[in-house]
Amino acid sequence: MKWERIRIAVMLAPTLLVISILFFGSLLYGFLQSLGYNPNIGATDINFDAYLRVMFSEEFSGRFWSGLTLSLWVAFCSTFVSAAIAIFVALLLRRTFFGKKLAVFFFQLNLPIPHLVIAVGMIMLFSQSGLVSRMLGELGLVTSPRDFPALTKDAYGIGIILAYIWKEVAFFGIIVLAILQSLGEDYEAVAQSLGANRWQRFRTVTLPLIMPGLMSASIIVFAFTFGSYEVPRILGVGYPKMLPVMSLDFFLNPDLNARAEGMALSMIIAFIVLVLIFIYMYITARTVRKD
Amino acid sequence: MTHLSINALTKRYPGEEKPAIDSLSLEVESGKLVALLGPSGCGKTTTMKMIAGLLEPTSGDILFDNQSILNIAPEKRGAVMVFQNYLLFPYMTIAQNVGYGLKMRKVDQATIDRRVGEMLELVKLPSLGDRRPKELSGGQQQRVALARALIVQPNLLLLDEPLSNLDAHLRFEMRDLIREIQQEMGITTLFVTHDQEEAAVLSDKIALILDGTLQQYDPPMGFYESPKSRAIADFFGGVNFVTGTQDKGRFTSDLGAWSAPRGIEAGSGLATIRPEDIEICEAPGENVVSGNIVSHVYVGTHSRLKVDVGAHQFHVVADAGIIKTYGTGSTVMLHLPAEKIWVLPHAKD
Ligand SMILES: Nc1ncnc2c1ncn2[C@@H]1O[C@H](COP(=O)(O)OP(=O)(O)OP(=O)(O)O)[C@@H](O)[C@H]1O
Ligand SMILES: [Mg+2]
């Protein structure tokens, strides 16, 4: 038993080592840069100036706080709405019906499609000069592209949220469907025979049973939508910008001094995501202890 | 209290050729406990689910007090089903589990708390309300499941093999508890089991289902004393069968002529007698055969003998101490009391 454990540890060691070096190494390097340590340009002082500048300077603070708000808003809406839709769809797909396999297949089809493709697809379909707008124009329902609501490149990140929902509904759906199918319907049957109506069964039985799985999927989706840049880069506006896009701007800035701000911003994003993961682990640990 | 009527109830699962349950008709008088007995896969759970409304019948009708309930939503029928695997909600405490049905009926919390206390008392688990289902043994979980069903004062209690996951000792205890509570509360109860002894001990009447069809519906004794077919006798552990001819209360076979007034009037027949009804006797006479003991098993409270009589073998349950008088190989005389012999119709082949 003891030897078995040591053997497993030894076998895993090389992989763990590489991962640790890559992960913690780059994290450390990034952290140092965010503290202003960059020997390449002769900066060796260590301080929190970059953090302060990003968050509180006149130059950046407006962009930072509006970007943070937008990021939280987009991540929250994307996660919540896709989870809600996915539960609904999974409850439908759980039943046996003619053509179920096909329906599940189409539902899952979104999984392997890159986010970038979805974002570009959104532009082609839903922008003010996109396919939907033009078709409505042909039908005389909108007279000029301006009349079509700005579903992409809008200040509230609607386009970004829609793109994420499009994609994450499939991710949530697969997870929820798997949980539902492994649980079967007997718990709900018990509740029904004890007098619970459809809504009561959903609220007191189905939801609590899928909650642990749903929570972990939600944290993954929240962290992802909070920290990734390609969709907001394509579908977002110049102001406000989601934090990852803002961070990217710093890196693309030819002035090497902007590196520190870029890194500071990335560290802030990483920190927020880490906090979320800890909250998640706390919640799951509690629910696991409960049942 | 509810009188349950089942009329020609049939269920055919989609894509299946044979119905899982075929034209079942049954009357369960109010306040009675009826066992649905049958081997695995004979359609017992299917029947229960249809009564509870969790499954749509293909045809037929179900009535509570002469009112069809097929159009009543399952949650309004008041037919509560207790599943074989308990299915306590894992994220709730025991008290919350028991109180669930009342909570769904929007009963105030003080009443719920009081009734939960009563129910836990009833199933003899008074101090476990704050635990989680995981922290209970199988027997305790089953009792909680029972309390959770009883708290809503169901019209009809449907117990699907409530004892099959318990060890023998717990099973006896639970069996008594169920009978006790059922009689105290007077709830019409349908009880699924595949154990004939359990069915006999617990129920007022047994409905024996083999292969989707109802074979016999009688008080337990009927299945032992007057089974309607060889298959039924087999299911209830009948082992002694002799073919012959019945005529005016006399049954004639290669073992001679016996007085046998019960069963068919006349014609080709199959006489059967239960092992425990055969008596060992000292002198020849009416309905007495003689044979050789070929095996002998001591079971503590009694002994089981196998006795070769002519071309037949009889199983006999005798006193535990019989081994002192008759050993293996010895000759023994068996009295087959006329009123214990049951003659079934038998098609000559
Ligand atoms: N959902 C289903 N689809 C198709 N066939 C089913 C379904 N459920 C049950 N059956 C079939 O119907 C028959 C009766 O099943 P049922 O569960 O009622 O048996 P049971 O008497 O309760 O058996 P057990 O004692 O093993 O619980 C079985 O042959 C089973 O395979
Ligand atoms: Mg069953």
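Two residues are taken to be in contact when heavy atoms of theirs lie within 4.5 Å. In the predicted model described here, residues 24 or more positions apart account for 69% of those contacts in chain A that have a separation of 6 or more. The secondary structure of chain A consists of 12 helices and zero strands, so that, under the DSSP-based assignment of helices and strands, the pattern read along its sequence is α-α-α-α-α-α-α-α-α-α-α-α. Taken along the principal axes, the C-alpha atoms of chain A fill a box of roughly 75 × 75 × 30 Å. Of the 291 residues of chain A, 41% count as buried, while the chain exposes about 16,600 Å², with carbon and sulfur atoms supplying 71% of that area.

On the surface, a nonpolar patch is formed by A:F31, A:F48, A:L52, A:F56 and A:W65, which together have about 540 Å² of accessible area. One of these residues, A:F31, is found in helix α1 of chain A, which covers residues 2-34. A:F31 counts as partly exposed because its relative accessibility is 34%, a value between the 20% limit for buried residues and the 50% limit for exposed ones.

The contact between the two chains takes 24 residues from chain B and 20 residues from chain A. The size of an interface is often given as the accessible area lost when the parts come together. For chain B and chain A, the area buried between them is about 2,000 Å², of which 62% is given by carbon and sulfur atoms. On the side of chain B, the residues B:E75, B:Y91 and B:M104 supply 29% of the area that this chain buries against chain A, which is more than any other three residues.

Side chains of opposite charge can pair when their charged atoms come close. Over all chains, the count comes to 13 salt bridges, and the count between chain B and chain A is two. A salt bridge is formed by A:D186 with B:K49, where the closest N and O atoms are 4.0 Å apart. Within chain A, the side chains of A:R94 and A:E188 meet in a salt bridge with an N to O distance of 2.8 Å. This pair links distant parts of the chain, since A:R94 belongs to helix α3 (residues 61-94) and A:E188 to helix α8 of chain A, 94 residues apart. Both A:R94 and A:E188 are buried.

Together with B:R114, the residues B:R115 and B:E118 are linked in a network of salt bridges.

Helix α5 of chain B (residues 138-150) has 13 residues and reaches 18 Å from its first C-alpha to its last, close to the 18 Å expected at 1.5 Å a residue. This helix is mostly covered, as 11 of its 13 residues are buried, among them B:G139, B:Q141, B:R143, B:V144, B:L146 and B:L150. The cover of the buried residues in α5 includes elements of both chains, namely α8 (186-193) of chain A and, from chain B, β6 (79-82), α3 (94-104), α4 (109-122), β7 (156-160) and α6 (168-185). Helix α6 of chain B also holds B:F172, which is partly exposed, with a relative accessible area of 42%. The C-alpha atom of B:F172 is separated by 8.9 Å from that of B:E198, a residue 26 residues apart from B:F172 along the chain.

Technical notes. Residues are numbered from 1 along each chain as its sequence is written. Chains are lettered from A and ligands numbered from 1 in the order in which they are written. This is a predicted model: local features need pLDDT of at least 70, side-chain atom pairs count only at pLDDT 80 or more; totals for chains, interfaces and linings use all residues. Side-chain values use heavy atoms; hydrogens and water are left out. Patches are made of residues with over 30% relative accessible area and no salt bridge: like charges are joined within 9 Å, nonpolar side chains (Val, Leu, Ile, Met, Phe, Trp, Tyr) within 5 Å. Accessible areas come from the Shrake-Rupley method with a 1.4 Å probe; for residues, only the protein chains shown count as cover. Helices (H or I, at least four residues) and strands (E, at least two) are DSSP runs, numbered from the N terminus. Buried means under 20% relative accessible area, exposed over 50%, partly exposed in between (1.4 Å probe, protein chains only). The expected span of a helix is 1.5 Å times one less than its number of residues. Buried area is the accessible area (1.4 Å probe) that two parts lose on being put together, summed over both.
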